[in-house]
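Me: I am new to this structure. How do I read it, one feature at a time?

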Amino acid sequence: MKERPRVITIDGPAGSGKTTVARMLARHLGYGLLESGTLYRALTWLLVTQDPEALSGGDPSRMLRSIQEHLPRFSFELGSEGLRISFGSRRLQEELRLPEVERRVSAVAAIPEVRNLVNDILKRLAGKGPVVAEGRDMGSVVFPEAPYKFFLSASPEVRARRRYLEWRAKGISVSEEEVLRDIKARDERDSSRSTAPLSIPEGARVIDTSQLSPQEVLRVILRELFSSHP
Ligand code: C5P
């Protein structure tokens with residue numbers, strides 16, 4: 001790494017380990033951690049709590065209207081532990097990981113105008129300092145000029161197991177089969193949508209994390225960062 005890049009991107013599907021690894025990398029480098037999925041989750045949580053009919057009706061323009069109406073109540077703050085998102089005086093954390101939000105988020109993220117809105121927020125936050133940007137389209141759409149891009153993958157079974165253990169540790173009761181089904185459905189929706197589908201960005205280094213611990217993945221990334229000179 002000749003000079004410190006402003007943006008390092010890490011993309012990948014649900015449960016690929018990108019959030020854990022991105023957090024470790026941000027901490028290691030003293031960078032901000034830009035978790036784009038958290039923004040999509042926050043907007044989905046907004047609809048779940050403020051306008052559930054918009055979600056169940058599946059009408060994208062109504063969803064967008066609702067989001068635009070409530071957007072000014074959100075505040076976003078960037079740190080190396082991730083994005084702090086508040087809605088009014090309420091800090092949003094665990095609620096963004098609820099199964100109800102998980103199930104609905106890819107429908108909300110498939111709306112092109114919602115993506116534009118999220119991308120503007122991401123770029124604004126990245127303007128404040130160096131970031132590790134983590135998500136589905138960070139290296140392909142939002143920060144295509146990033147000098148270092150990574151794409152993490154793992155089999156659906158490994159990813160479902162990780163998510164299942166995560167939920168169980170939090171006391172959320174759900175079967176592993178159910179998690180696997182949801183992960184496959186979300187993969188399918190995220191990969192087949194017409195706007196910014198999940199894909200390997202051009203120039204990204206692909207890392208299969210199925211057999212690797214987060215520390216091992218971090219080591220691969222650091223080796224790449226410090227041994228190459230883009
Ligand atoms: O990464 P995370 O699981 O928090 O993302 C939640 C959802 O947000 C994904 O399933 C996807 O539908 C959407 N997303 C996206 N583009 C991103 C990040 C997340 O469409 N860059």
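**Helices, pocket and cavity**

Reply: Start with a helix pair: α5 and α9 are roughly parallel to each other. By the cut-offs, angles under 35 degrees count as roughly parallel, over 145 as roughly antiparallel, 65 to 115 as roughly perpendicular and the rest as oblique. Note that the model is predicted: local features need pLDDT of at least 70, side-chain atom pairs count only at pLDDT 80 or more, and totals for chains, interfaces and linings use all residues. Residues are numbered from 1 along each chain as its sequence is written, and side-chain values use heavy atoms, leaving out hydrogens and water.

Me: At what angle do α5 and α9 pack?

Reply: About 10 degrees, with the axes 9 Å apart. Axes are lines fitted to C-alpha atoms, for helices over the stretch in contact, and angles run from 0 to 180 degrees between N-to-C directions. Helices (H or I, at least four residues) and strands (E, at least two) are DSSP runs, numbered from the N terminus.

Me: Which residues make the contact of α5 and α9?

Reply: Contact means heavy atoms within 4.5 Å. From α5 come Glu102, Arg103, Val105 and Ser106; from α9 come Glu178, Asp182, Arg186, Arg189 and Asp190. By class, that is 7 charged, 1 polar and 1 nonpolar. Ala, Val, Leu, Ile, Met, Phe, Trp, Tyr, Cys and Pro count as nonpolar; Asp, Glu, Lys and Arg as charged; the others, Gly among them, as polar.

Me: How do α2 and α4 pack?

Reply: α2 (residues 36–50) meets α4 (residues 60–70) at an angle of about 100 degrees, with axes 10 Å apart. So the two helices are roughly perpendicular. Leu43, Leu46, Leu47 and Gln50 of α2 touch Met63, Ser66, Ile67 and His70 of α4. This contact has 5 nonpolar, 3 polar and no charged residues.

Me: And α4 with α6: what is the angle there?

Reply: About 25 degrees, with axes 9 Å apart; α6 covers residues 112–126. That makes α4 roughly parallel to α6. Leu64, Ile67 and Gln68 in α4 meet Glu113, Val114 and Leu117 in α6.

Me: What is the layout of the protein chain as a whole?

Reply: The chain has 10 helices and 8 strands. Its C-alpha trace spans about 50 × 40 × 35 Å along its principal axes.

Me: How is empty space found?

Reply: A probe the size of a water molecule is rolled over the atoms, which shows where empty space is left. On a 1 Å grid over the protein atoms alone, a cavity is a set of points where a 1.4 Å probe fits but cannot get out; a pocket is an open set with protein on both sides within 12 Å along at least five of seven lines; lining residues have an atom within 4 Å of a point. Grid points are joined across faces, edges and corners, and a volume is the space filled by probe spheres set on the points.

Me: How much space lies in the largest pocket?

Reply: About 780 Å³. It has 35 lining residues, and Thr19, Arg23, Glu35, Arg97 and Glu166 are the closest to its centre. α1 gives the most to this lining, 5 residues. The lining has 15 charged, 11 polar and 9 nonpolar residues.

Me: How many cavities of 30 Å³ or more are there?

Reply: The count is 1. The largest cavity has a volume of about 280 Å³. Among its 23 lining residues, Lys18, Gly37, Arg41, Arg136 and Arg186 are the closest to its centre. α2 supplies the largest share of the lining, 5 residues. By class, the lining has 12 charged, 7 polar and 4 nonpolar residues.
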